Amino acid sequence: MSNWTCGRDGRVAWLSFDRPPDDQVRFDDLVDLRGALTALAPDEDVSVVVLGSARPGGFIGHADRGEIKAMREGGPGRLEEWLTTLLAIEDLPQPVVAAVRGPARGGGCEIALACTFRIAGPQASFCQLEIDRGAMPGAGATQRLPRLIGAGRAAHMIMTGRAVGAAEAQAMGLVDAVIEGPDVAAGMARWAGELASKPRASLVGVKRALLAAQRLPMAEGLRLEQRLFHEVLTAKGERA
């Protein structure tokens, strides 16, 4: 049975993770997430996908300790599942929002980094804890975090293992919005709903162009932007 559930709220799909007691992520959970994303990608009724925890005050956890221990002892690992799944998040046509209401540690933080946006509750925190466990990030933090907050800040977070709170994370550009108020979940739903109210074709085109800015030389990215501009402008049911 999958630890992921998928719910719909208008044009927003919510993928919620629930694996007691602390939402540690196994390789099989990553496979299940990839399957859910594959199903949502072509859905014209879904403009935004949100990833989060099914439980208040939480987020998707770190990589499963048992699987890490087995790899440390030389057992067969499936680390490629992390790379493949986080690229699937990044490459999903629709923008993906990480809804972080509690600690995002290690692999959970790396899942958030692969998302298009990160929104946080007041109790959220972000931490790459691997350094204190005799390891290092293995699911993209050394590559994605510097692109978000700069090389120096990323090095400090990763090499010290220090947790960064929601307000500080927003100030450094790691978090796009801190959702305050008595009902954080409802505030996050409103934030995602406002994003989903934009034309789907435009959201998809912009996301693809922004990814190209990270991956392609400037001239190639500019040519892709013009092709996408034409596709979006002529998309059925969309308005300029």
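Helices (H or I, at least four residues) and strands (E, at least two) are DSSP runs, numbered from the N terminus. The structure described with these terms is a predicted model, in which local features need pLDDT of at least 70 and side-chain atom pairs count only at pLDDT 80 or more, while totals for chains, interfaces and linings use all residues. Residues are numbered from 1 along each chain as its sequence is written, and side-chain values use heavy atoms, with hydrogens and water left out.

Helix α5 spans residues 141-149, and its buried residues (buried means under 20% relative accessible area, exposed over 50%, and partly exposed in between, with a 1.4 Å probe and protein chains only) are A141, R144, L145 and I149. These residues lie on the same side of α5, because they cover an arc of only 105° around the axis, where the arc is that of the directions from the helix axis to the C-beta atoms. An α-helix has 3.6 residues a turn, so residues three or four places apart point the same way. Just after α5 comes G150, which takes a positive phi of about 95°.

The loop between β7 (125-127) and α5 holds E130. This residue is buried yet has no salt bridge, and the nearest side chain of opposite charge, that of R133, is 8.1 Å away. For such pairs, Lys and Arg count as positive and Asp and Glu as negative, while His and the chain ends are not counted; a salt bridge is a side-chain nitrogen of Lys or Arg within 4 Å of a carboxyl oxygen of Asp or Glu. When residues up to four places away in sequence are not counted, E130 touches H62, G106, G107, E110, A135, M136 and P137.

## The loop between β2 and α1

Most residues other than glycine have a negative phi, and most peptide bonds are trans. The loop between β2 (12-17) and α1 (27-40) contains P21, and the peptide bond from P20 to P21 is cis, with omega near 5°. D23 lies in the loop between β2 and α1 as well, and its phi is near 60°, a positive value in a residue other than glycine. D23 counts as buried, because its relative accessibility is 4%.

## Salt bridges

Side chains of opposite charge can pair when their charged atoms come close. The structure holds 15 salt bridges, and the table lists some of them.

| R65 | D22 | 3.4 Å |

The salt bridge of R65 with D22, with its closest N and O atoms 3.4 Å apart, links distant parts of the chain, since R65 is in helix α2 (residues 65-72) and D22 is in the loop between β2 and α1, 43 residues apart. R65 is partly exposed, with a relative accessible area of 44%, and D22 also counts as partly exposed, at 35% relative accessibility.

A network of salt bridges links D28, R34, R78 and E81.

## Two domains

The protein chain is divided into domain 1 (4-196) and domain 2 (199-234), with bounds that come from an automatic or database domain assignment. The C-alpha centres of domain 1 and domain 2 lie 25 Å apart, and 20 residues of domain 1 are in contact with seven residues of domain 2. The area buried between domain 1 and domain 2 is about 960 Å², of which carbon and sulfur atoms give 47%. E90, P93 and R147 supply 39% of the area that domain 1 buries against domain 2, more than any other three residues. Buried area here is the accessible area (1.4 Å probe) that two parts lose on being put together, summed over both. Between domain 1 and domain 2 the count is three salt bridges.

Conventions
Contact = heavy atoms within 4.5 Å.
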